[in-house]
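Me: I have a chain open on my screen and would like to go through its fold with you. Could we begin with the overall picture and then turn to single residues?

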Amino acid sequence: MAGSPETQTRSLPSVWTSGDANANIQEALEALESYKKKDPSKVVVRFKAVGNAPIMKQNLYKITASNRFQAVIQFLRKELGWKAGDPLFTYINLAFAPAPDDTVSNLFKSFSTEGHLIVNYSTTAAWG
């Protein structure tokens, strides 16, 4: 029979049809809840000026690990007294510019040096 669709039945995976589906849903909800919890631990961030950027009097700060890097940028702007429109470029270990949505804890785990996350800052783009 050309052109007629064949009817095929497919069975659902056993996880979806098992009698303990409520247990699976409960486990998924618990995983979501634990993911939503903020990590209260702190990360030591060391700020270093590059080029003609002003040097901070205090350059070591503890920042909540679960924060996004955007919070670090906003904190740095506040400490330097810079407005939102003033140019500010940030780099990790003078190597790359992190995305604002990277978490501080991930950056620290991957790029910490001597127990600090080194954030270099500049008023002009350092490379490019």
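**Surface, fold and selected residues**

Reply: The chain exposes about 9300 Å², and carbon and sulfur atoms supply 54% of that area. Please note that this is a predicted model.

Me: How many of the residues count as buried, as a percentage?

Reply: The chain has 128 residues, of which 26% count as buried.

Me: And which helices and strands are there, in what pattern along the sequence?

Reply: There are four helices and four strands. Along the sequence they follow the pattern α-α-β-β-α-β-α-β.

Me: What share of the contacts with a separation of 6 or more comes from residues 24 or more positions apart?

Reply: Such pairs account for 61% of those contacts in the chain.

Me: Now the sheet. What is the order of the strands?

Reply: The order is E2-E1-E4-E3, in an open sheet of four strands with mixed pairing. Strand E2 (60-64) and strand E3 (89-92) stand at the edges; each has a single partner strand, so one side of each is left without a neighbour in the sheet. On average, neighbouring strands of this sheet are turned by 35 degrees against each other, direction ignored.

Me: Do take the pairs one by one. Is the pairing of E1 and E2 parallel or antiparallel?

Reply: Strand E1 (residues 42-49) pairs with E2 in the antiparallel sense, over five bridges. Within this pair, lysine 42 stands opposite threonine 64 in E2.

Me: What packs on the sheet?

Reply: Helix H3 (residues 69-80) does, touching E1, E2, E3 and strand E4 (117-122). The direction of H3 makes about 125 degrees with that of E3. Helix H4 (residues 104-111) packs on the sheet as well, and touches E1, E2, E3 and E4. For H4, the angle with the direction of E4 is about 105 degrees.

Me: Back to the strands: how many bridges join E1 to E4?

Reply: Five bridges join them, and E1 and E4 run parallel. Valine 45 stands opposite leucine 117 in E4.

Me: Let us move to the loops. Where is methionine 56, and what does it touch?

Reply: Methionine 56 is in the loop between E1 and E2. Not counting residues up to four places away in sequence, methionine 56 touches Phe47, Tyr61, Leu76, Glu79, Leu80 and Tyr121. The C-alpha atoms of methionine 56 and leucine 76 are separated by 9.6 Å, while the two residues are 20 residues apart along the chain.

Me: Buried or exposed, this methionine 56?

Reply: Methionine 56 is buried: its relative accessible area is 12%, and buried means under 20%.

Me: What about proline 98, is it buried or exposed?

Reply: Proline 98 is buried, because its relative accessible area is 9%. The residue is in the loop between E3 and H4.

Me: Which residues is proline 98 in contact with, leaving aside neighbours within four places in sequence?

Reply: The contacts of proline 98 are Phe69, Thr90, Tyr91, Ile92 and Leu107. Proline 98 and glutamine 70 are 28 residues apart in sequence, with a distance of 9.5 Å in space, C-alpha to C-alpha.

Me: Where do asparagine 93 and leucine 94 lie, and how accessible are they?

Reply: Asparagine 93 is in the loop between E3 and H4, and leucine 94 is found in that loop too. Asparagine 93 is partly exposed, with a relative accessible area of 30%. Leucine 94 counts as partly exposed at 43% relative accessibility.

Me: One last topic, the surface. Which residues make the nonpolar patch?

Reply: Ile25, Leu29 and Leu32 make a nonpolar surface patch of about 280 Å². Leucine 32 is in helix H2 (residues 21-36). With a relative accessible area of 48%, leucine 32 is partly exposed.

Methods
Residues numbered from 1 in each chain as written. Predicted model: local features only at pLDDT ≥ 70, side-chain atom pairs only at ≥ 80, totals over all residues. Heavy atoms only, no water. Patch = residues over 30% accessible without salt bridge, like charges linked within 9 Å, V, L, I, M, F, W, Y side chains within 5 Å. Areas by Shrake-Rupley, 256 points an atom, 1.4 Å probe, with all protein chains shown as cover. Salt bridge = Lys/Arg side-chain N within 4 Å of Asp/Glu carboxyl O. Helix = DSSP H or I, 4+ residues; strand = E, 2+ residues; numbered from the N terminus. Buried < 20%, exposed > 50% of the residue type's maximum accessible area, 1.4 Å probe, protein only. Contact = heavy atoms within 4.5 Å. Pairing = 2+ DSSP bridges. Axes fitted to C-alpha atoms, helices over the stretch in contact; angles between N-to-C directions.
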